[in-house]
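Good morning, everyone. Please have the sequence and the model open while I talk.

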Amino acid sequence: MYKKGIYEIVSNEPLTASVYRMVVAGDTQYLTASGQFVNIEVPGKFLRRPISVCDYDERTITLIYKVVGEGTERMAGMKAGERLDILTGLGNGFDTTTCREQALLVGGGVGVPPLYNLARRLLAEGREVTVVLGFNTQEEIFYADEFAALGARVIVATADGSRGVKGFVTDAIRSERPAYDYVYACGPMPMLRALGGAIGDVPGQFSFEERMGCGFGGCMGCTCKTKGGNKRICREGPVLKTDEIIWE
């Protein structure tokens, strides 16, 4: 169930040259699982901007977004005290009840944020958590220290080798050989496809990044093929079980 509400910006600060963290205050009761997203109305823009939820509590929502166009550029210029019209509680998030004992969380770029609340939940439930984060360069890295502060083991991969393992998240997994019996991931399609091949039969859940029109299942613009038929990333997703995904 999703809900429209007015939220006040508490803070809005850069984490890297193009990635920002915004904290908004308001009603959070419709957020029920890690991996859900919100849809933000940006003044002057027809379509809302879907942004994954990094973390939330009884009063605030933490959002991390990358400036990639005019809408997010306007968001980057917003100040504390401004108000936003936001739809919350969108999408089906990660299910922690099916996780085993050793969780591997894999994030690439702006696929990293929704894994933070997930890591916090899994650790609170007594699981061992290893987080593999993939970026292009060390200048683009964010939230590695925050994951470590939670108590997770953190492995960083950079495509240019400027920090951590040189290469992609799959290279880091092969190099560092973390122990895991369940996998959660969020990132671009090429990363998820490669990861799906690398983990073999290990069960898990992947969160898909997809362009959305409405964000709540009405426009049918973000459907994907699964073994159970076409599913809407915004409604039945963004999280899908790995054993139902059809890779094209």
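Let's start with a pocket. By class, the lining of the second largest pocket has 12 nonpolar residues, eight polar ones and two charged ones. Keep in mind that this is a predicted model. The space in this second largest pocket is about 460 Å³. In total, 22 residues line the pocket, and the closest to its centre are Gly 108, Gly 109, Gly 134, Asn 136 and Pro 188.

Which elements give two or more residues to that lining? They are strand E8, residues 128-135, helix H4, residues 169-176, and helix H5. The largest share comes from H5, with three residues.

Now the sheet around E8. It is an open sheet of seven strands, and the pairing is mixed. Read the order with me: E10-E9-E8-E7-E11-E12-E15. Look at the two ends. Strand E10, residues 165-166, and strand E15, residues 239-241, stand at the edges. Each has a single partner strand, so one side of each is left without a neighbour in the sheet.

Next, the pairs inside. E7 and E8 run parallel, joined by seven bridges. Find Leu 105, and you will see Val 131 of E8 opposite. On to the next pair. Strand E7, residues 102-108, also pairs with E11 in the parallel sense, over five bridges. Here Leu 104 has Val 183 in E11 as its bridge partner. One more step along. E11 and strand E12, residues 204-208, run parallel too, with five bridges between them. Gly 187 stands opposite Phe 208 in E12. How does the chain get from E11 to E12? The path goes through helix H5, residues 189-199, and this β-α-β crossover is right-handed.

Take one pair as an example. Strand E1, residues 3-14, and strand E2, residues 19-25, pair in the antiparallel sense over six bridges. Glu 8 stands opposite Ala 25 in E2.

Last stop: two loop residues. Tyr 143 lies in the loop between E8 and helix H3, residues 144-150. Phi of Tyr 143 is near 70°, a positive value in a residue other than glycine. Arg 177 sits in the loop between H4 and E11. Phi of Arg 177 is near 50°, again a positive value in a residue other than glycine.

Now, are they buried or exposed? Tyr 143 has a relative accessible area of 8%. The cut-off for buried is under 20%, so Tyr 143 is buried. Arg 177 has 69% relative accessibility. Exposed means over 50%, so Arg 177 counts as exposed.

How values were computed: Residues numbered from 1 in each chain as written. Predicted model: local features only at pLDDT ≥ 70, side-chain atom pairs only at ≥ 80, totals over all residues. Heavy atoms only, no water. Pairing = 2+ DSSP bridges. Helix = DSSP H or I, 4+ residues; strand = E, 2+ residues; numbered from the N terminus. Right-handed = clockwise from strand over helix to strand, strands pointing away. 1 Å grid on protein atoms, 1.4 Å probe; cavity = no way out; pocket = protein on both sides within 12 Å on 5 of 7 lines; lining within 4 Å. Points joined across faces, edges and corners; volume = space filled by probe spheres on them. Nonpolar A, V, L, I, M, F, W, Y, C, P; charged D, E, K, R; others polar. Buried < 20%, exposed > 50% of the residue type's maximum accessible area, 1.4 Å probe, protein only.
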